[in-house]
Amino acid sequence: MTNHRAYPMFDPAKAGAPDDLCPIATVINPMLPGDWRSLRPLVDRDKCVKCAVCWLYCPVQCIVEKPAWFDADLRTCKGCGICATECPHRAIAMVMETTG
Ligand code: SF4
Ligand code: SF4
């Protein structure tokens, strides 16, 4: 059967030979969302009742439980604001990241 593809077929038998691997997604990129996010959630600890709604809705599962409130792990939070929208107690505000 003729291979009509313009690019070479991946051969699993050669996996491990760097020149045979797809150049995309073979290099680990250490960048986390916290490196490029423009907004971040700020939790009002007095308003938070630990209902976990933010934890339920966060698409990247970066909400973490603290002793008396829930907070976002800012290394992985992408700043989408869903937690602030969904918090039934309006305990989360989205604030601008500062530079420098
Ligand atoms: S949804 Fe709001 S009140 Fe509930 S745990 Fe999260 S921050 Fe706290
Ligand atoms: S801003 Fe988005 S990614 Fe960050 S904690 Fe809220 S829901 Fe999760």
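1. Cys-87 is buried, since its relative accessibility is 8% (buried means under 20% relative accessible area, exposed over 50%, partly exposed in between, with a 1.4 Å probe and protein chains only). Cys-48 also falls in the buried class, at 17%.

2. Before going on, some ground rules: this is a predicted model, where local features need pLDDT of at least 70, side-chain atom pairs count only at pLDDT 80 or more, and totals for chains, interfaces and linings use all residues. Residues are numbered from 1 along each chain as its sequence is written, chains are lettered from A and ligands numbered from 1 in the order in which they are written, and side-chain values use heavy atoms, with hydrogens and water left out.

3. Both of those cysteines turn up around ligand 1, whose surroundings also include Cys-51, Cys-54, Phe-70 and His-89 (a residue is near a molecule if one of its heavy atoms lies within 4 Å of it). By class, this shell has 10 nonpolar, 1 polar and 1 charged residues (Ala, Val, Leu, Ile, Met, Phe, Trp, Tyr, Cys and Pro count as nonpolar, Asp, Glu, Lys and Arg as charged, and the others, Gly among them, as polar).

4. Ligand 2 takes up the second largest cavity.

5. Around ligand 2 there are 14 residues, and the nearest are Cys-58, Cys-77, Cys-80, Gly-81 and Cys-83. Its shell splits into 11 nonpolar, 2 polar and 1 charged.

6. How many disulfides does a search of the whole structure find? It finds 0 (the test is a pair of cysteine sulfur atoms within 2.5 Å).

7. Salt bridges number 4 in the whole structure (a side-chain nitrogen of Lys or Arg within 4 Å of a carboxyl oxygen of Asp or Glu). One of them pairs Glu-97 with Arg-37 at 2.7 Å, N to O. That pair links distant parts of the chain, 60 residues apart. Arg-37 is buried at 9%, whereas Glu-97 is partly exposed at 23%.

8. Glu-97 also meets Arg-40, at 3.5 Å, N to O. Arg-40 lies in strand 1 and Glu-97 in the segment after strand 4, so the pair ties together parts 57 residues apart in sequence (strands are DSSP runs of E, at least two residues, numbered from the N terminus).

9. Asp-73 and Arg-75 form another salt bridge, with the closest N and O atoms 2.6 Å apart. Shared partners join Arg-37, Arg-40 and Glu-97 into one network.

Terms used:
On a 1 Å grid over the protein atoms alone, a cavity is a set of points where a 1.4 Å probe fits but cannot get out, and a pocket is an open set with protein on both sides within 12 Å along at least five of seven lines; lining residues have an atom within 4 Å of a point. A molecule sits in a cavity or pocket if more than half of its atoms lie within 2 Å of its grid points. Helices (H or I, at least four residues) and strands (E, at least two) are DSSP runs, numbered from the N terminus.
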